[in-house]
Amino acid sequence: AFERLTPPWEAVEVLEDSGGIANGARKVLRMGRGPLALRWVAEHCDFIDGEQFRDVQRRGPFASWTHTHRVAPAGAEAAWLEDRVEYALPLGALGGLAGGGFTRRRLQRMFAYRHRVTAHDVAAHARARGVGAMRILITGASGLIGSALAPFLTTGGHEVVRLIRGRKKAGSVAWNPEAGTIDTAGLQGLDAVVHLAGENIAGGRWTAAKKARIHASRVGGTRLLVEALGKLARPPKTLIAASAIGYYGHRHADIVDEDSAPGGGFLADVCKEWEEATAPAAAHGIRVVNLRLGVVLAGNGGMLSTIATPFKLGLGGVVGGGDQYMSWVAIDDVLGAILFALTTPSLAGPVNAVSPHPVTNREFTDTLARVLSRPALLPFPAAAVRLLLGEMGEELLLSSTRVDPQRLGAAGFEFAFPQLEDALRHVLGK
């Protein structure tokens, strides 16, 4: 669970991991970036099944560090989670004087995040109780959603297989969408597939070559995957295939749901073909859910990560007229919605994965500025958006899409972060 519980604002990479949390198991981490990165070696001890384990720093930035993780029953259906950290800073009293307050605040912020995530994930997996462990293939597993989804699923008891480019590794299957090749034999024995792979649509102006890559990565890649699944003697039961609310195009202030017609424009056309490419899977008896994702809010990537720095510097502001609607979703709710779709047989076809409370760009700007305690006085006029970003800016920043997650709501899905300010405070640790 370590990758899932690491706050997005902490630069931590797991270099080695052996033995789980059993006595004597070790975890080697790299903390920080660049030449100032530190190596942390932790060893687990005092393991009591279902009750506790302890990490002791064997090498790292603290003079000493012992972290005890405890779980205590709180009735038949709940438990208390307690993290007790005993540490000493280097340089003795001088170190405590210089960095004691900073260290305490940083730890409190980190554990507040970890406890929110744990509570969310435990609740999400509890709602899926009775389905049983699944063997799930993920494409795009290194992306913003995939890198969070894999540890979320494995900590719930599921087995994750990654579909990757290049040489096959343990726990993975190789494919090359550009060359049209995939290791079909490696797809045997799957219960479900979550298909997230696709070219980043926000990475610069949409040149003809860029648009061709966006189209091929989504439509061509999906066709290749679906064709391979259809050849299996026992295809997976479920395919969750990413799509996007770009399907609806620019709709002003009109509210759209899964029954609304597609809009116009490059993204709408791509999304329409993207979803159509999954149709043959249904013909092979696979339940297909086309998850139409809104703007995903995460602290370590995506749109929010791009604009956070200028906003922190007080350089943020309204884009265009500010009245265009933005349909957003916290990454934790994306993970919850994917698990919900995997374990809810009644869901099929297009499903909007967005908060039930879309906001205008002006509302988003004001809320983010308030969360960061910064002014937002530097507007980004529509003319400047079109000049600098062209068609990409027009469709991603200036278009208005007000989306209702009608099918998720009707099926009983509960959002953990339905309100924008709560979502931003969570993913930014504010």
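Leucine 313 lies in the loop between H7 and strand S16 (325-326). Helices (H or I, at least four residues) and strands (E, at least two) are DSSP runs, numbered from the N terminus. The model is predicted: local features need pLDDT of at least 70, side-chain atom pairs count only at pLDDT 80 or more, and totals for chains, interfaces and linings use all residues. Residues are numbered from 1 along each chain as its sequence is written, and side-chain values use heavy atoms, with hydrogens and water left out.

Leucine 313 is exposed, at a relative accessible area of 59%. Exposed means over 50% relative accessible area, buried under 20%, and partly exposed in between (1.4 Å probe, protein chains only). Areas were computed by the Shrake-Rupley method with a 1.4 Å probe; for residues, only the protein chains shown count as cover. Together with Leu315 and Leu378, Leu313 makes a nonpolar surface patch of about 310 Å². Patches are made of residues with over 30% relative accessible area and no salt bridge; like charges are joined within 9 Å, and nonpolar side chains (Val, Leu, Ile, Met, Phe, Trp, Tyr) within 5 Å.

Lysine 312 belongs to helix H7 (residues 302-312). Its relative accessibility is 44%, so lysine 312 counts as partly exposed.

Salt bridges were examined next. Side chains of opposite charge can pair when their charged atoms come close. Here a salt bridge is a side-chain nitrogen of Lys or Arg within 4 Å of a carboxyl oxygen of Asp or Glu. By this rule the model has 23 salt bridges. One of them joins glutamate 13 to arginine 30, with the closest N and O atoms 2.5 Å apart. This pair links distant parts of the chain: glutamate 13 sits in strand S1 (residues 12-18) and arginine 30 in strand S2 (residues 26-31), 17 residues apart. Glutamate 13 is partly exposed at 38% relative accessibility. Arginine 30 is partly exposed at 35%.

Glutamate 43 forms a salt bridge with arginine 58, and their closest N and O atoms are 3.6 Å apart. The two residues are 15 residues apart and link distant parts of the chain, with glutamate 43 in strand S3 (residues 38-48) and arginine 58 in strand S4 (residues 52-59). Arginine 58 has 48% relative accessibility and is therefore partly exposed.

Another bridge pairs arginine 407 with aspartate 259, at 2.9 Å between the closest N and O atoms. These partners are 148 residues apart and again link distant parts of the chain: arginine 407 is in helix H11 (residues 406-411), aspartate 259 in the loop between S13 and helix H5 (266-276). Arginine 407 is partly exposed, at 23% relative accessibility. Aspartate 259 is exposed, at 61%. Arg4, Asp121 and Asp332 are linked in a network of salt bridges.

The structure holds zero disulfides. A disulfide is defined as a pair of cysteine sulfur atoms within 2.5 Å. Cysteine 45 counts as buried because its relative accessibility is 18%. Cysteine 271 is buried too, with a relative accessible area of 2%.

Leucine 190 is likewise buried, at 0%. This leucine lies in the loop between strand S10 (181-182) and strand S11 (192-195). Leucine 190 and isoleucine 136 are 54 residues apart in sequence, yet their C-alpha atoms are 6.0 Å apart in space. In helix H12 (residues 420-428), the buried residues include Leu420, Ala423, Leu424 and Val427. An α-helix has 3.6 residues a turn, so residues three or four places apart point the same way.

Histidine 252 has phi near 55 degrees. Its place is the loop between strand S12 (238-244) and strand S13 (255-256), and histidine 252 is exposed at 52%. Serine 373 also has phi near 55 degrees. That serine lies in the loop between helix H9 (361-372) and helix H10 (382-398). Serine 373 is exposed, at 58% relative accessibility.
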